[in-house]
Amino acid sequence: MDPLNNTTAEIIHGGTNILGAEKCQLYLLFHDETVLNNGFRGFLYFMGLAYCFIGLSAITSRFFQSMENVVKHTRTIEEIDPCTNTKTVRHEKVWNYTIADITLLAFGTSFPQISLATIDAIRNLGSLYAGGLGPGTLVGSAAFDLFPIHAVCVVVPKAGELKKISDVGVWLVELFWSFWAYIWLYIILEVWTPNIITLLEALLTVLQFGLLLIHAYAQDKRWPYLSLPIGRTERPEEWVPVETAPYKDRDKYSEIPEDDHESGRIVDIFSVHSDHVYQNLSGSDSGEPSGQSHEDIHVKDNLLSIWKQQFVDAFVLEGQDSRKLNNVYLRAAKVLWELLLAPWRILFAFVPPCQIAHGWISFISSLIFISGIAYVVTKLTDIISCVTGINAYVIAFTALAAGTSWPDLVASKIAAERQTTADSAIANITCSNSVNIYVGIGVPWLINTMYNYFAYNEPLRIENAGGLSFSLLVFFATSVGCIGGLVFRRLTLGAELGGPRFWAWVTCAYFMFLWLIFVVLSSLRVSGFI
């Protein structure tokens with residue numbers, strides 16, 4: 001029997017193993033691991049955890065590429081001009097940009113945390129107590145999203161460049177549901193049914209994600225009675241700035257682009273925010289049949305060539321950029337880094353090219369790989385807690401939260417750099433926090449409560465509800481300070497992101513200070529010091 005199948009609840013509170021005082025019998029691969037010194041084992045497992053986060057970073061690039069192909073998909077609409085009686089053909093994007101921000105972008109970048117929490121719940125089936133690893137990671141991830149990622153986004157724009165939210169109404173709706181998510185979580189943990197989660201509470205938590213989608217879409221379309229009477233100010237016609245035009249032009253001529261990840265360029269994942277129409281050649285991913293079989297065959301051959309090239313590139317340790325480096329030490333460091341990434345690149349080369357089926361196959365394959373890495377992360381966390389004696393909840397909302405939130409950081413950073421407004425950079429943060437609660441915690445709790453209801457006719461009990469509730473209160477208090485800082489920048493500087501370098505760094509330091517307050521107070525609480 002797998003030694004890691006023990007109930008997570010035993011480890012969540014198990015801070016009794018002082019480092020080196022008692023041998024931990026859990027192991028990752030081989031039983032002989034238990035012979036090693038606890039300190040050395042802890043170091044090795046922390047290195048393994050860091051390597052998993054590197055893997056998450058690597059697969060994130062493939063995930064973004066596939067998501068770009070999904071969101072840029074267009075449908076053909078034929079219209080007859082009543083005056084000239086001529087037929088006109090136009091291409092309309094399938095995805096609404098607000099819905100894409102909440103679903104594909106926010107849900108996709110939060111998938112490491114969601115899959116980790118779901119795996120923790122499945123491992124805990126049969127227990128009357130919920131595992132604390134998933135909720136701890138998701139609350140910690142929310143804090144990491146709100147504070148460090150905002151801190152990065154504020155300083156990313158060029159010196160003096162201001163980027164503000166153009167659609168304040170949509171942002172306020174997303175912000176409301178983000179704050180309400182944590183208020184709701186506190187209500188069901190401490191007020192409605194203290195320390196217990198019922199099937200109804202879990203179901204209502206999940207359903208609120210649908211309400212968020214409907215409300216945000218209603219605000220975007222300015223539906224009467226369901227939207228705030230706030231107009232869009234200075235909303236640009238092109239959501240992607242002019243300097244990114246070469247990327248769009250490349251797509252205009254071919255749907256079989258070179259691999260941006262391998263060439264070191266950043267993929268534009270925000271093309272959904274542009275009204276630009278992608279005009280592709282026959283056989284492209286626009287969904288338009290070419291009607292020419294020889295061109296279809298040519299496209300298939302190109303796709304197979306791209307897939308083959310993925311494996312070839314995965315084995316290349318020194319690219320053109322490395323050869324251009326004059327410093328031999330920098331060149332050696334670059335090669336060592338590529339060698340470290342090689343196993344992940346070879347593994348992820350099995351992900352099909354994102355040009356197939358509008359990117360959906362690559363999108364789903366990337367999520368499967370992310371789930372696999374999250375499974376290994378949950379096991380490593382259990383062992384690290386056992387070996388070092390560090391409370392697993394502390395590891396969850398610090399190391400795990402930061403590592404699994406890396407896709408969120410990358411997405412918001414790219415948006416802050418390359419978009420003309422701050423909408424997507426900030427929307428990804430607020431929406432990711434909503435997704436963390438409504439889906440990341442709601443779905444695992446729904447799985448456990450349904451099992452307990454039908455198997456034992458019992459609700460799900462939360463063993464560490466006090467620590468989780470305290471973290472929620474600290475998060476809520478510090479998040480008010482964070483949003484207040486953004487509003488203050490809007491009123492004084494005229495924008496949430498960028499601006500004079502000095503004040504950008506002051507804001508960055510302020511946000512990081514709020515994050516440290518959350519981490520320190522939450523750690524002291526779950527460790528029993530306060």
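The legends below describe an overview and two close-up views of a predicted model.

**View 1. Overall content of the protein.** The protein has 18 helices and six strands (DSSP runs, H or I of at least four residues for helices and E of at least two for strands, numbered from the N terminus). Of its 530 residues, 52% are buried (under 20% relative accessible area, 1.4 Å probe, protein chains only). Contacts are heavy atoms within 4.5 Å; among those between residues at least 6 apart in sequence, 78% join residues at least 24 apart.

**View 2. Packing of helix α7 against helix α16.** Helix α7 (residues 199-221) packs on helix α16 (residues 423-456) at an angle of about 150°, and their axes lie 8 Å apart. Axes are lines fitted to C-alpha atoms over the stretch in contact, and angles run from 0 to 180 degrees between N-to-C directions. The angle makes α7 roughly antiparallel to α16 (over 145 degrees). Residues of α7 in the contact include L199, F209 and L212, and those of α16 include S434, W445 and Y453. The contact residues comprise 15 nonpolar, five polar and no charged.

**View 3. Surroundings of S110.** S110 sits in the loop between α3 (97-109) and α4 (111-123). S110 is buried, with a relative accessible area of 0%. Beyond its neighbours within four places in sequence, S110 is in contact with D408, S432, V435 and N436. With S432 there is a side chain to side chain polar contact at 3.5 Å (a pair of N or O atoms within 3.5 Å, one able to donate a hydrogen and the other to accept it).

**Notes.** Residues are numbered from 1 along each chain as its sequence is written, and side-chain values use heavy atoms, without hydrogens and water. Local features need pLDDT of at least 70 and side-chain atom pairs count only at pLDDT 80 or more, while totals for chains, interfaces and linings use all residues.

Definitions and conventions
Angles under 35 degrees count as roughly parallel, over 145 as roughly antiparallel, 65 to 115 as roughly perpendicular and the rest as oblique. Ala, Val, Leu, Ile, Met, Phe, Trp, Tyr, Cys and Pro count as nonpolar, Asp, Glu, Lys and Arg as charged, and the others, Gly among them, as polar. Buried means under 20% relative accessible area, exposed over 50%, partly exposed in between (1.4 Å probe, protein chains only).
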